[in-house]
Amino acid sequence: MTTKELQLKSVEYRKKILQYIYQAKAGHTGGSLSCIDILNVLYNDVLNVSPENFKSGLRDRYIQSKGHCVEALYVVLADKGFFPESALETLCQYKSYYIGHPTKKVNGVEQNTGALGHGLSMSCGNALAAKLDNADYKVFTLLGDGELPEGSNWEAALSAAHYKLDNLCAIVDLNGLQITAPTHEVCNTEPLDKKFESFGWAVRIIDGNNIEALQEAFNALPFEVGKPSVIIAKTVKGKGVSYMENTLKWHHGVPSPEQYQQAIEELTSVQESLSLA
């Protein structure tokens, strides 16, 4: 897909995220909106994974460690044909598989996640398996900045560097806010780039809501042969909706009818501007 097509796709994904959260009256709105550009570029421009090859051992792996932002993952998987989009009408309903965190009962989901700090460890295991099998598949994982104080992340970071897992890429959705406060107030992990570098990783810092920057970063993988790569993606929580951006209450807020209408109108206006550009 072209950069412009991906930009338009991101806007459409944002509208879908809001639609299903609004209908379900539940969901992690702000973080899903901040990370959707990352998922968009991964699934439409990077990953060798599809409904047709999902059972193949040669597919690329994507594990969403920040599992609470599953709405972003669901709309992308539906768009890629892993399941009918109509299934999302059951989001967060009784007996639905489409719950508030990823589960392997949903086609296209690699691992159950949501207990924060586990995704990087699982991804290291997948990447190490590829090395042992001399397989060419790549492993990607999305971490939230709020989950980084979990100690398991840093055990995994040490292991990834020790085993020279240059087939592994971690992306940190650095939107700066978590459920109770800004991340630096809850448990400061800065300077994040220096921490990962000291653990033996190759690091790039980018604008995580910029499609071109994401394409460029993914195309440059691995950043250094023999080292795992991490993309520190600076994003905006609630990106794309004016009253949600950088606002703590939208960590898991559900818009009112009036707020939902305003959000859709704002995104439609962006869509129209991009189409005319």
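Trainee: On a 1 Å grid over the protein atoms alone, a cavity is a set of points where a 1.4 Å probe fits but cannot get out, and a lining residue has an atom within 4 Å of a point. Which residues line the largest cavity here?

Mentor: The structure is a predicted model, in which local features need pLDDT of at least 70 and side-chain atom pairs count only at pLDDT 80 or more, while totals for chains, interfaces and linings use all residues. Residues are numbered from 1 along each chain as its sequence is written, and side-chain values use heavy atoms, with hydrogens and water left out. The lining of the largest cavity consists of Tyr43, Tyr62, Ile63, Gln64, Leu73, Pro102, Gly108, Val109, Glu110, Gln111 and Thr113.

Trainee: What is the volume of the largest cavity?

Mentor: Its volume is about 50 Å³, where a volume is the space filled by probe spheres set on points joined across faces, edges and corners. There are three cavities of 30 Å³ or more.

Trainee: Which strand gives the most to that lining, and what classes of residue are there?

Mentor: Strand E1, residues 61-64, gives the most to the lining of the largest cavity, namely three residues. By class, this lining has six nonpolar residues, four polar ones and one charged one. Asp, Glu, Lys and Arg count as charged; Ala, Val, Leu, Ile, Met, Phe, Trp, Tyr, Cys and Pro as nonpolar; the others, Gly among them, as polar.

Trainee: And the pockets? How much space lies in the largest pocket?

Mentor: The largest pocket holds about 300 Å³ of space; a pocket is an open set of points with protein on both sides within 12 Å along at least five of seven lines. It is lined by 16 residues, and those nearest its centre are Arg14, Asp37, Asn209, Lys239 and Val270.

Trainee: What about the second largest pocket?

Mentor: The second largest pocket has about 210 Å³ of space. Among its 15 lining residues, His68, Leu116, Gly146, Gln178 and His251 are the closest to its centre. Three of the lining residues of this pocket are nonpolar, eight are polar and four are charged.

Trainee: A change of topic: how do H1 and H2 cross?

Mentor: The axes of H1 and helix H2 (residues 29-46) come within 9 Å and cross at roughly 135 degrees. That makes H1 oblique to H2. Axes are lines fitted to C-alpha atoms, for helices over the stretch in contact, and angles run from 0 to 180 degrees between N-to-C directions. Angles under 35 degrees count as roughly parallel, over 145 as roughly antiparallel, 65 to 115 as roughly perpendicular and the rest as oblique.

Trainee: And H4 with H5?

Mentor: Helix H4 (residues 119-132) and helix H5 (residues 151-162) have axes that come within 8 Å and cross at roughly 25 degrees. H4 and H5 are therefore roughly parallel to each other.

Trainee: Where are the cis peptide bonds you mentioned last week?

Mentor: One joins glutamate 190 and proline 191, with omega about 0 degrees. Proline 191 lies in the loop between helix H6 (183-187) and helix H7 (192-198). Another joins leucine 221 and proline 222, with omega about -10 degrees; proline 222 lies in the loop between H8 and strand E5 (229-234).

Trainee: What is the phi of asparagine 134?

Mentor: Asparagine 134 has a positive phi of about 55 degrees, although it is not a glycine. Most residues other than glycine have a negative phi, and most peptide bonds are trans. Asparagine 134 sits in the loop between H4 and strand E2 (139-144).

How values were computed:
Helix = DSSP H or I, 4+ residues; strand = E, 2+ residues; numbered from the N terminus.
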